[in-house]
Amino acid sequence: VGIDHWSIPRHKAPCAEVAETAEPLVIDDFLADPFYADSLLAQNGTRFYAGAPLVTSEGYALGSLCVLGTEPRQASPGELRALTDLAAMVMSQIELQHAFGRVDPVSALPSRTQFREDLIDLARDLPGEQRFAIVVDLARDDQVSKMARVLGGGRVDEMVREAALTLREALDPGRSVYHVGATQFAFLSPPGLDLATYMNVLRSRFEQLRTSSSVRFVTSVAVGVRPFTLGDISADDILRGAVSAAQDARTADGAISLYSAA
């Protein structure tokens, strides 16, 4: 607002310093500042700057919310607090928009959309790496329907939240579980694992999940495993294959099935 340009180079741009340090910055007078006196902003008549960092909930500074002036001045503590509060409000809106459609409201887990985007990022960053995609299907559609009819929809939500918590606790810190269907969850294996060994680990872990679940008598957990190479197939095909394998596992209660291209 109040300026003609849409962008400037990062070199000697105060907002770049705010983003890099994640600290507020005030320049009372550009022409009196030894670093910024010959900056592009100073050359275009800017004399005053106050910027507050835009910081994500994970602590990453994305940029700056700033105020510019054509006259030298000082910022009072109250004005800086107001600017910092406004920056926090801006970040709340940014993160709310980012989370929309990417976080499931029942499980509070990343959604199918986020799973797809994370796979695309991994394929770009680690092409050629071997991984396994795992889909956990808690119950058949008819089981979910019966549970909702007899116990109410709230009990289905409880089952989903319980499974989300159990899966999060079962995985190592830093690994993500995604809510990719009504009662379906997905996650990725760590890199560099042998298939046979990993299948045995999965069988052991999911037997523990089934026996510890309060709804184990009215649901049948099925697990599908889809081996893939990052960058070779699309994120949608990876998930489709893992879901297909989970459907194949429905032939036996609690089974784990490996994806078959056939």
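A residue is called buried when its relative accessible area is under 20%, exposed when that area is over 50%, and partly exposed in between, with a 1.4 Å probe and protein chains only. By this rule threonine 229, at 15% relative accessibility, counts as buried. The model described here is predicted, and local features therefore need pLDDT of at least 70, side-chain atom pairs count only at pLDDT 80 or more, and totals for chains, interfaces and linings use all residues. Residues are numbered from 1 along each chain as its sequence is written, and side-chain values use heavy atoms, with hydrogens and water left out.

Helices (H or I, at least four residues) and strands (E, at least two) are taken as DSSP runs and numbered from the N terminus. Threonine 229 is found in strand S7. With contact taken as heavy atoms within 4.5 Å, and with neighbours within four places in sequence left aside, threonine 229 is in contact with Gly128, Glu129 and Gln130.

The interior was examined through its nonpolar cores, a core being a set of buried Ala, Val, Leu, Ile, Met, Phe, Trp, Tyr and Cys residues joined through side-chain atoms within 4.5 Å. The largest such core has 26 residues, and those with the most contacts inside it are Ile134, Val136, Phe185, Phe187, Leu202, Phe206 and Val225. At least two residues of this core are supplied by each of strand S4 (130–137), helix H5 (141–151), helix H6 (153–170), strand S6 (184–188), helix H7 (195–212) and strand S7 (222–229). The largest share, six residues, comes from H6. When residues up to four places away in sequence are not counted, phenylalanine 206 touches Val136, Leu167, Phe187 and Val223. A second, separate core of 16 residues includes Phe115, Ala186, Ala242 and Ala246.

Helix H6 has 18 residues and reaches 26 Å from its first C-alpha to its last, close to the 26 Å expected at 1.5 Å a residue. The buried residues in H6 are Arg155, Val156, Met159, Val160, Ala163, Ala164 and Leu167. Helix H8 (residues 235–248) has 14 residues and reaches 20 Å between its first and last C-alpha atoms, close to the 20 Å expected at 1.5 Å a residue. In H8, Ala235, Ile238, Leu239, Gly241, Ala242, Val243, Ala245 and Ala246 are buried, and the buried residues of this helix pack against H4, S4, S5, S6, S7 and strand S8 (256–258).

Aromatic rings of Phe, Tyr and Trp (its six-membered ring) were paired if their centres lie within 6.5 Å, with planes under 30 degrees apart counted as stacked, over 60 as edge-to-face and the rest as tilted. A search of the whole structure finds four aromatic pairs. In one of them, phenylalanine 115 and tyrosine 178 are edge-to-face, at 4.9 Å centre to centre and with 70 degrees between the planes. This pair links distant parts of the chain, 63 residues apart, with phenylalanine 115 in helix H4 (residues 112–125) and tyrosine 178 in strand S5 (residues 178–181). Both phenylalanine 115 and tyrosine 178 are buried. The rings of phenylalanine 132 and tyrosine 198 have centres 5.6 Å apart and planes at 15 degrees, so this pair is stacked. Because phenylalanine 132 lies in strand S4 and tyrosine 198 in helix H7, the pair ties together parts that are 66 residues apart in sequence. Phenylalanine 132 is buried, with a relative accessible area of 8%, and tyrosine 198 counts as buried at 8% relative accessibility. Elsewhere, Phe30, Phe35 and Tyr36 form one aromatic cluster.

A charge is said to sit over a ring if NZ of Lys or CZ of Arg is within 6 Å of the ring centre and within 35 degrees of the ring normal. The charged end of lysine 12 sits over the ring of phenylalanine 35, 5.1 Å from its centre, and arginine 73 lies over the face of phenylalanine 48, at 5.2 Å from the ring centre.

With a disulfide defined as a pair of cysteine sulfur atoms within 2.5 Å, the count comes to zero disulfides. Cysteine 15 is in no disulfide, and the nearest cysteine sulfur, that of cysteine 66, is 3.8 Å away. Cysteine 15 is partly exposed, with a relative accessible area of 28%, and cysteine 66 is partly exposed, with a relative accessible area of 31%.

Key
Expected span 1.5 Å × (residues − 1).
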